[in-house]
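Notebook open, viewer loaded. I want to jot down what I looked up, one piece at a time.

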Amino acid sequence: MNVMDIFKTMEYGLAPEAATPAFEWIKERQPFGLFINNQWVKPASGQYLDSINPSTGKPLAQIAAANSADVDIAVASARTAFESWGQTPGHVRARYLYAIARHIQKHSRLLSVLESLDNGKSIRETRDLDIPLVARHFYYHAGWAQLMASELPGYEPVGVVGQIIPWNFPLLMMAWKIAPALAMGNTVILKPARYTSLTALKFAEIVQEVGLPAGVVNILTGEASQVGEALVRHSGVNKIAFTGSTDVGSSIRRATAGSGKKLSLELGGKSPFIVFDDADLDSVVEGVVDAIWFNQGQVCCAGSRLLVQEDIAGRLINKLRARMEKLRIGDPLDKAVDMGAIVSPGQLQEIQRLVSQGVEEGAEIWQPSWACPTEGYFFPPTLFTNVSPATTIAQVEIFGPVLVSMTFRTPAEAVALANNTRYGLAASVWSENINLALDVAPKLKAGTVWINCTNMFDASSGFGGYRESGFGREGGKEGLYEYVRPAWEKAVSTSPAPSSSSNGSSPSADGHANATQFNATDTTSDDIIDSSNGFTPTLPAIDRTPKMFIKGKQVRPDSGYSQDVYDPQHRVIGQVGEGNRKDIRNAVEAAHAASGWAASTTHNRVQILYYMAENLAVREEEFARRIVQQTGRSFVDAANEVQTTISRLFSYAAWADKYEGVVHRPPLRGVVLAMHEPIGVIGMACPDEYPLLGFISLVAPAIAMGNTVVVIPSQQSPLSATDCYQVFETSDLPAGVVNIVTGQRDTLSEVLADHDDVDAMWYFGSADGSKRVELASAGNMKRTWVSYGHPRNWLDSVQGEGEEFLRESTQVKNIWVPYGE
Ligand code: NDP
């Protein structure tokens, strides 16, 4: 092609990036070893795997195949390193992270080329997006290392973290995991994806260059069945951070259940890209290109479902087809290429299979007229129209350059269609009407919402999903909590649980006066039982059997059975209904029906929480006597529990309009609104110790943040919770916000954890019950918060209330709002 030809056709010429330095780097080092304790070591298996260049299908490098023996050595090295790294001052860690950021920039071109060769993604993307974001992540987290002591007081690192990453953003996912882990003082073992390990190995060299202490970062290449599974099951690992498919995420949830390992999962998505009829359609077209053809659509948050308002659908689809015709696919190292190769033949076949299924299911397929390169693994940009929302291609994550489009008429229909997925990772909203866009954004079940933009990422703004897209956030301050734990946990995990049946006095409440205003003497349960209805000694007491509390009504248990409640002397002091699966179903349904609670003003919630405190205070003495009756604790002690409960309600009334989120300023013209949203319906099983305080300590933060709850009170001492029915009724709490099902706590907890319409499950009970809850929760990947049988001092304001509870009650939604013409 000569200059005149180019002038006439305006065709792009080749603009290749040189691959020679990367090939030389590989040649000098391969076969690559494992990186353990800052040393390159041979794998115990003595075996190596080929890493393939997806754009040619030819072998690129040989990487070591680690196995469980290597995992043992790496964990031991990380454990030893943690002894000192976990104690290293934040400023020192900040210096290392800063140095890593600088070194990434110094090696940026080699990293970009290696990434393109190994993954098949275009150099434009690796050079302009992946690698700069990697550096930004280390800079940003250098800052958090510096500030950890002042900004996260009372928290300490988790320990040794196993990190498992996918192949779609190899170095970026590594940075998202390693940077916060190191900043918070943890040591790590990283397992890169089998197909894309090379940039992680280059990163290992950077670790050596900056002189990071040995064992802080260990990198084990190899296969999932040999390395990934061993890491997940290893008892020396304190946390697993995983990004990948929902199926594997779910198997990791099961494998770690009950182990006490912290877990964060960033899983799949089927994100909606919603276009209203007043959107700027030319911008929309470029947005779609970014949403679904960026990285060949192998993006967990890819805008793979185009939802268009009906009246503009025809126009938009025509524009889109014209643009698709102009997309350029080919050698990833050509700087003028829009789309590179699919990562592997297996992934390519999976895309082809799902596309064929779409055609069979009756959708209309459109692809550009040009042909893909025949060498390597390529798939053309593909658009499906006439797609029905229930079909496979509309529901399943294709993880390829395939867009399905559907239409809607009204904003409400758009929201319903957008939320019609088991995932909840991201969404994009296009409208020139900012009122409409900001009205729709909070209604979308997604961790990130981009307004008039898409696929924007920054270290300052947390990223992560709802529902089957996983839990936990990466980036932002919220992401740090994935790598720390409250310092007090270590101390109590070895001490026995405070017993509700002990007669000894409980620790006094933090900042709460003893309840001497009742002028109560130290009364025992015997005194109470003997004297409580003393003024009518000749008449039998009127029987009072609490029912369930569902949808604001007291209802009989479905089973028709009741169970006895005993005092510490094993005397029957009452009966409560024996809840079953049906009661739980009804309660969950009621909790969903009350979802308007989330939209009520925070001021409204504040008032109701104060009313609850007020109405409880009126009956302080009665509640204290009930605690004595159930637990045998002293009256003073019980009165102290009631006082603390009232104070706790005040705390959450205070927090309800103050735990508000933040505004981020990432490097763009615009802002990111990080909003604290309620999770939805939370199931909760209450501790046996402190029957009233334990119950309110869980319910109050959850409802303060706008959730609705299904509560299983203490099985041993349920009457304090059932006595609250009248408190709720007289406090204007809307029906269905709090639902209570009494009965076998562990059995009912499992039913709740297994329920697909429950969004999170809290469990405060035995180690075995915790494990069962975690296992059952894997069904829909709901968030869990369990005690693993460890005690918590509910009277203490550090352990029993505060931000930890608010964080568990909320999820952060990041809404990106760019501005400017
Ligand atoms: P996987 O979820 O299988 O793999 C992700 C990572 O987990 C890899 O490092 C993998 O190792 C490892 N792994 C796999 N199985 C286990 C296990 N049982 N225990 C521990 N670690 C394990 O994703 P795939 O690469 O197989 O892709 C399959 C599908 O997953 C894609 O088509 C796409 O739909 C989805 N996906 C989603 C991603 C996201 O970001 N949400 C990212 C990647 C994929 P190894 O590479 O050795 O198999």
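**Ground rules.** I'm working on a predicted model, where local features need pLDDT of at least 70 and side-chain atom pairs count only at pLDDT 80 or more, while totals for chains, interfaces and linings use all residues. Residues are numbered from 1 along each chain as its sequence is written, and side-chain values use heavy atoms, with hydrogens and water left out.

**The sheet.** I took helices (H or I, at least four residues) and strands (E, at least two) as DSSP runs, numbered from the N terminus. For pairing I wanted at least two DSSP bridges between two strands. I found an open sheet of ten strands with mixed pairing, and its order reads 13-14-15-12-11-16-17-31-25-24. Strand 13 (364–366) and strand 24 (661–664) have a single partner strand each, so one side of each lacks a neighbour in the sheet. On average, neighbouring strands here are turned by 20° against each other, direction ignored. I zoomed in on strand 14 (residues 382–385) and strand 15 (residues 402–408), which pair in the parallel sense over three bridges. T382 has V402 of strand 15 as its bridge partner.

**Helices on the sheet.** For angles I used lines fitted to C-alpha atoms (for helices over the stretch in contact), with values from 0 to 180 degrees between N-to-C directions. Contact means heavy atoms within 4.5 Å. Helix 12 (residues 310–326) lies across several strands, including strand 12 (305–309), to which it runs at about 135°. Helix 13 (residues 345–360) lies across strand 13, strand 14 and strand 15, and I get about 25° to strand 14.

**Helix 20.** I checked its length against the expected span, 1.5 Å times one less than the number of residues. Helix 20 (residues 581–593) has 13 residues and covers 18 Å between its end C-alpha atoms, close to the 18 Å expected. I call a residue buried under 20% relative accessible area, exposed over 50% and partly exposed in between (1.4 Å probe, protein chains only). D583, I584, A587, V588, A590 and A591 are buried in helix 20. Down the axis these fall within an arc of 160°, so they line one face of the helix; the arc is that of the directions from the helix axis to the C-beta atoms. E589 and A593, on the other side, are exposed.

At the start of helix 20, a side-chain oxygen of N580 comes within 3.0 Å of the backbone nitrogen of K582.

**Helix 25.** Which of its residues are buried? Twelve of twelve are, from the count for helix 25. After helix 25 comes G706, with a positive phi near 100°.

**Helix 11.** At the start of helix 11 (residues 281–293), a side-chain oxygen of D280 reaches to within 3.2 Å of the backbone nitrogen of D282. N295 follows helix 11 and has a positive phi, near 55°.

**S469.** I found S469 in the loop between strand 17 (448–451) and strand 18 (470–471). Its relative accessibility is 0%, so S469 counts as buried. The S469 side chain reaches the backbone nitrogen of L425 at 3.3 Å.

Conventions:
A polar contact is a pair of N or O atoms within 3.5 Å; within protein, one must be able to donate a hydrogen and the other to accept it, and residues adjacent in sequence count only if both atoms are side-chain atoms.
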